[in-house]
Every structure is written in C-alpha cells, then in structure tokens.
Amino acid sequence: LKRSTCPASQSCDKYKTGVIDGPACNSLCVTETLYFGKCLSTKPNNQMYLGIWDNLPGVVKCQMEQALHLDFGTELEPRKEIVLFDKPTRGTTVQKFKEMVYSLFKAKLGDQGNLSELVNLILTVADGDKDGQVSLGEAKSAWALLQLNEFLLMVILQDKEHTPKLMGFCGDLYVMESVEYTSLYGISLPWVIELFIPSGFRRSMDQLFTPSWPRKAKIAIGLLEFVEDVFHGPYGNFLMCDTSAKNLGYNDKYDLKMVDMRKIVPETNLKELIKDRHCESDLDCVYGTDCRTSCDQSTMKCTSEVIQPNLAKACQLLKDYLLRGAPSEIREELEKQLYSCIALKVTANQMEMEHSLILNNLKTLLWKKISYTNDS
C-alpha cells in the first residue's frame with residue numbers, strides 16, 4: 001500500500017490554507033491514514049483505487065471529469081481544465097449557497113421532485129465534521145463534487161442497496177464503501193495483458209470465470225433492482241450510458257454494487273445537450289457507449305429521445321451471463337423473457353407499463369428458482 005498518487009499534495013496545500021475541507025482531509029493530509037492500493041483505472045483523468053481509510057476498506061476516486069461533456073462517438077473526456085474550488089466565494093451566505101445548489105439541480109434535473117429537500121440533503125452531506133454548520137472549505141468541496149454525476153447520484157440514492165455508500169471526501173477526492181468484486185466476472189488481468197487478448201477470446205474467458213448460476217441470478221436481480229432505482233425516481237429519470245460488466249461489482253453476499261456510475265446521467269440534462277446537435281447519421285448521436293438518439297435527416301440534427309431504455313441494455317448485458325449454466329427447466333422461458341426485454345424501445349406505446357411487467361416477470365422467474373438454494 002502507498003500514500004496517494006492522486007494530486008494529494010495539491011489537495012493538502014488547499015486544505016492547509018483553508019480553501020477546502022472535508023471528513024477525509026485530516027486522514028489524507030495530517031495523520032496519513034488514507035492509503036491507496038490496487039489501481040482500478042488506466043486513465044489519469046479518472047483515477048480509482050482500492051484503499052484503506054482508518055482501517056476500513058474503501059474505493060478512492062480522484063481527478064474525475066469536472067462536468068458532463070458530450071463528445072459524440074468518442075469516450076467521455078474532461079473539459080478544458082476549470083479552476084476548481086473557486087465557488088462559493090468568501091462572504092457567501094448559507095442561503096446564497098443553497099440557491100446556487102438549487103439552480104445547479106434545476107439545470108441538471110429539471111423541475112422534478114422536491115429539489116429543496118435535495119438541497120438540504122446536500123448541506124447535511126457537506127457538513128463533514130457534523131458540527132451543524134457548513135464551512136466555506138466544506139462548501140467549496142461539495143460544490144466541486146456536485147459537478148460530478150456519480151457524486152450526485154450517490155447522494156440521491158444513498159438509501160438504496162445497490163449504490164455504494166459515500167464514506168467521505170476532501171476537495172474533489174471522495175471515498176466510497178469497498179466492493180469485494182469489481183467486475184461481474186471473476187477474473188481481472190493487468191491492462192497491458194488485456195490489450196493483447198482478442199475480444200472474442202476474452203468473452204469466452206469471462207464466461208468461464210463466473211460465480212455459480214444461483215449466485216449469478218442473485219447478482220442479476222440486483223442489476224434489475226438498480227434499473228428500477230434510477231427509472232423515474234423522485235428526481236427524474238437517469239440514463240445508463242455505459243452498461244458494461246466492468247462498471248458493476250458485487251459483495252461477498254452476491255449483492256450487486258455499482259462500481260462506476262460516471263456515465264449514468266440525468267435524462268433532462270442529456271436531452272438538453274443532445275438536441276439540435278449537427279449529425280450526418282445516427283452514429284453521430286451517441287453519448288457514452290450506448291445512449292443513442294437518431295439523426296433527423298431532414299434537419300441534419302440529433303433528436304432528443306434516447307432509443308433504448310436502461311432495462312433493455314441491462315438485459316443485453318445479462319443475456320449470456322444468465323443463459324450460460326441456466327437450469328434446463330427455466331432456460332427456454334428465461335431466454336424468451338430476456339429477448340422480449342432486449343426488444344424494448346422507449347418510443348413504444350405504454351412503454352412504462354411494459355417496462356414494469358417485463359422487469360417484474362424476470363425478477364419473479366429468477367427468485368422462484370433460487371429462493372430455496374443455499375447458494376443464494
């Protein structure tokens with residue numbers, strides 16, 4: 001284990017001069033009890049590590065993208081560097097800070113849910129030392145973190161089973177609860193080796209290194225429940241724009257935990273940014289890896305309606321995972337339900353009703369099969 005390779009010295013300079021504050025700052029900068037272990041990422045702009053904070057295992061994230069930036073057809077890249085921790089400025093009242101946060105939420109989430117309640121929730125999270133007051137340093141840290149969709153989602157879904165709990169933060173570095181297995185599959189290789197493995201062979205390897213089928217079924221139910229959590233909740237609909245096995249993990253009880261939620265974005269926010277974008281074909285209207293809209297050939301602009309719902313993408317991911325090793329007595333029915341699910345389209349009439357029906361049928365089928373097994 002080592003001390004931080006995130007830009008910790010920069011964070012600690014800002015902490016020591018009172019610019020930022022947060023519950024993890026003392027451990028990072030003074031007692032040096034926040035340790036960094038295995039690196040889970042390969043890009044400098046989204047560093048993620050397994051770590052230990054005051055003897056508790058966690059996942060440490062730092063130097064993440066500053067804001068949702070749409071660059072269609074490419075990976076999500078950070079904006080030009082913005083000055084971090086410049087807001088709120090000295091002299092800003094708590095009331096003014098609440099108004100700033102409210103305006104940010106309105107832009108990201110639209111006029112949905114009780115945004116004032118969410119603002120109060122953010123103030124509670126920002127008060128890292130729980131003294132009943134939000135200091136300027138805590139407010140600057142919270143404001144920087146609120147630019148990140150993952151942090152916002154962690155706060156909104158903090159009581160949900162499949163969202164890792166936020167343990168603490170310092171500036172734009174934050175610590176989430178540990179996830180024992182950081183991929184749906186049971187083998188992880190160094191990224192240098194990954195580069196030389198053909199994707200078809202890698203998929204075959206992945207299928208060999210998975211938990212027993214009842215355990216896979218329990219993990220799959222967790223993903224279906226997470227899809228429910230982000231589908232038209234109290235603060236609107238969130239779109240999963242990179243539905244891949246590497247972003248999902250599970251604990252030692254085989255409960256699904258989201259490892260990376262950076263590309264789960266508010267639908268309102270995405271629609272606003274995607275509409276009227278110039279396009280030549282549908283390929284120009286993709287955000288992340290799998291949030292697609294269509295290109296209107298009469299205007300040569302992207303439409304705002306995402307074609308495939310989260311549930312269809314989750315079922316696509318689960319198809320091979322669940323069908324391999326599935327008990328023969330449910331395999332045919334399971335395959336039929338998964339294909340019905342994959343065929344779901346946002347534009348279909350009564351999509352919400354169909355969505356609920358397919359989701360509940362799948363969960364019921366899986367639960368019935370595993371409820372009496374020791375593995376589940």
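Modeller: Happy to! Let me begin with Cys29, which counts as buried at 9% relative accessibility. Please keep in mind that this is a predicted model.

Biologist: Why is Cys29 called buried?

Modeller: The label buried applies under 20% relative accessible area. Cys29 has 9% relative accessibility, so it counts as buried. Cys12 is buried too, with a relative accessible area of 8%.

Biologist: How do you know that Cys12 and Cys29 form a disulfide?

Modeller: A disulfide needs two cysteine sulfur atoms within 2.5 Å. The sulfur atoms of Cys12 and Cys29 are 2.1 Å apart, and the pair is a disulfide. The torsion about this S-S bond is -85°, and the link is left-handed. Cys12 belongs to helix α1 and Cys29 to helix α2, so the bond ties together parts 17 residues apart in sequence.

Biologist: How many disulfides does a search of the whole structure find?

Modeller: The search finds 6 disulfides. Among them is the link from Cys279 to Cys295, with an S to S distance of 2.1 Å.

Biologist: Why is the disulfide of Cys279 and Cys295 called right-handed?

Modeller: Its torsion about the S-S bond is about 90°, so the disulfide is right-handed. Cys279 sits in the loop between α10 and β10, while Cys295 is in strand β12. Both cysteines, Cys279 and Cys295, are buried. Cys285 and Cys302 form another link, with sulfur atoms 2.1 Å apart; at -90° about the S-S bond, this one is left-handed.

Biologist: Let us turn to cysteine 39. Is Cys39 buried, exposed or partly exposed?

Modeller: Partly exposed is the range between buried, under 20%, and exposed, over 50%. Cys39 has 38% relative accessibility, so it counts as partly exposed.

Biologist: Now the aromatic rings. What makes the pair of Phe36 and Tyr49 edge-to-face?

Modeller: Planes over 60 degrees apart count as edge-to-face, for rings with centres within 6.5 Å. For Phe36 and Tyr49 the centres are 5.3 Å apart and the planes make 80°, an edge-to-face pair. Phe36 is in strand β1 and Tyr49 in strand β2, and both residues are buried.

Biologist: Why is the pair of Tyr181 and Tyr250 called stacked?

Modeller: Stacked requires planes under 30 degrees apart. Tyr181 and Tyr250 have ring planes at 15° and centres 4.7 Å apart, so the pair is stacked. Tyr181 lies in the loop between β5 and α7 and Tyr250 in strand β7, so the pair ties together parts 69 residues apart in sequence. Tyr181 is partly exposed at 37% relative accessibility, whereas Tyr250 is buried at 3%. Together with Tyr254, Tyr181 and Tyr250 form one aromatic cluster.

Biologist: Why is helix α5 described as largely enclosed?

Modeller: In helix α5, 10 of the 11 residues are buried, so the rest of the structure largely encloses it. The buried residues include Lys140, Trp143 and Leu146. Their cover includes α3, α4, α6, β4 and β5.

Biologist: What is the mean pLDDT of the protein?

Modeller: The mean pLDDT is 85, and 83% of the residues reach 70 or more. Over residues 66–82, though, the pLDDT is below 50. Where pLDDT is low, the predicted coordinates should not be read in detail.

Notes. Residues are numbered from 1 along each chain as its sequence is written. This is a predicted model: local features need pLDDT of at least 70, side-chain atom pairs count only at pLDDT 80 or more; totals for chains, interfaces and linings use all residues. Side-chain values use heavy atoms; hydrogens and water are left out. pLDDT is the predictor's confidence in each residue, from 0 to 100. Contact means heavy atoms within 4.5 Å. Rings of Phe, Tyr and Trp (its six-membered ring) pair if their centres lie within 6.5 Å; planes under 30 degrees apart count as stacked, over 60 as edge-to-face and the rest as tilted. Helices (H or I, at least four residues) and strands (E, at least two) are DSSP runs, numbered from the N terminus. Buried means under 20% relative accessible area, exposed over 50%, partly exposed in between (1.4 Å probe, protein chains only).
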